[in-house]
Amino acid sequence: MVTGASRGIGYAVAERFAKEGYSLVITASKSAEELEAAKKRLAQYTGMVLSFLADAGDYMQTEAVIREVTCRLGEIGILVNNAGIAWIGLFQDMDHLEYEKVVQTNLLSVMHSCRLVIPGMIRRKAGKIINISSVWGNVGASCEAVYSAAKSGINGFTRALGKELAPSQIQVNSIACGAIDTQMNECLTLEEREQLTEQIPAGRFGRAEEVAELVYQIATGHTYLNGQVIALDGGWI
């Protein structure tokens, strides 16, 4: 199951698993058309793709999705929490509804999905949970205070939950992404992209496919890797 999978990192992750023949569950919250298009592309690789237009930050919607998935496919073995939104600007310019939405979508969505899939993983004594975080969760970013706080929360949650679930042979890890070339960064001007690229030792933005490959590697191996926040940022932070 991959949340926020209609485009960007989420779609790249889903595609990586689809190419290996995995049964997939993908969710998105904004565009039914975009989600359906993603499902059709993924279906070229694997015969079983379930898609749900649902807000990952809403517990009741997430619960309904996982209930249906369990009935149709069985319990989820790999969970990739990717759903997220950004808000760029001064904290004092946000109203409470805006910063509550950022926290709900980026952090509470992770908790909701984990809460709902963990019982099945514990029953099987196996499972992988991979959370897509950000380097701003490690160091914070000016004009992205709430986003940074939410991603920092994911990192702390990952470390703690990994310890809780290790005795049940379940691994929980996060990938703290740097500047990845996705639609989320389309708001940057050419000049801003060039300035940012100059700060990255690798000399470029990361690709969604590179994040997907790391997710796949963690999900299909590394059973001793648990509770870690892995930076994928080209040496930036």
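Predicted model: local features only at pLDDT ≥ 70, side-chain atom pairs only at ≥ 80, totals over all residues.
Where is the place of H222? H222 sits in the loop between α8 and β6; helices (H or I, at least four residues) and strands (E, at least two) are DSSP runs, numbered from the N terminus. Residues are numbered from 1 along each chain as its sequence is written, and side-chain values use heavy atoms, with hydrogens and water left out.

H222 is partly exposed, with a relative accessible area of 48%. Here, buried means under 20% relative accessible area, exposed means over 50%, and partly exposed is in between (1.4 Å probe, protein chains only). Q169 also isn't a glycine, and its phi is positive too, about 60°. You'll find Q169 in the loop between α6 and β5, and at 46% relative accessibility Q169 counts as partly exposed.

Take L214 as one of the residues in helix α8. At 18% relative accessibility, L214 counts as buried. Leaving aside residues up to four places away in sequence, L214 touches I175, I230 and L232, where contact means heavy atoms within 4.5 Å. The C-alpha atoms of L214 and V13 are separated by 9.2 Å, though the two residues are 201 residues apart along the chain.

**Salt bridges**

How many salt bridges does a search of the whole structure find? It finds 10, with a salt bridge being a side-chain nitrogen of Lys or Arg within 4 Å of a carboxyl oxygen of Asp or Glu. Here are some of them:

| Pair | Closest N to O |
|---|---|
| E20 and R16 | 2.8 Å |
| E210 and R204 | 2.7 Å |

In the last pair, E210 is partly exposed at 26%, and R204 is partly exposed at 37%. Salt bridges that share partners also join R16, E20 and E213 into one network.

K101 lies in helix α4 (residues 96-124) and D55 in the loop between β2 (49-53) and α3 (59-73), so the pair ties together parts that are 46 residues apart in sequence. K101 counts as partly exposed at 34% relative accessibility, whereas D55 counts as buried at 17%.

**Cavities and a pocket**

Rolling a probe the size of a water molecule over the atoms shows where empty space is left. On a 1 Å grid over the protein atoms alone, a cavity is a set of points where a 1.4 Å probe fits but cannot get out, and a pocket is an open set with protein on both sides within 12 Å along at least five of seven lines; lining residues have an atom within 4 Å of a point. Grid points are joined across faces, edges and corners, and a volume is the space filled by probe spheres set on the points.

The whole structure has two cavities of 30 Å³ or more. The largest holds about 40 Å³ of space, and D55 turns up again in its lining, along with others including M1, T3 and S113. Helix α3 gives the most to that lining, with three residues.

The second largest cavity holds about 30 Å³. Among the residues that line it are W87, C143 and Y147, and the largest share, three residues, comes from helix α6 (residues 145-165).

Finally, the second largest pocket has a volume of about 220 Å³. Of its 15 lining residues, the closest to its centre are M1, S23, I76, G77 and I78. The elements giving two or more residues to this lining are β1 (24-28), α3 and β3.
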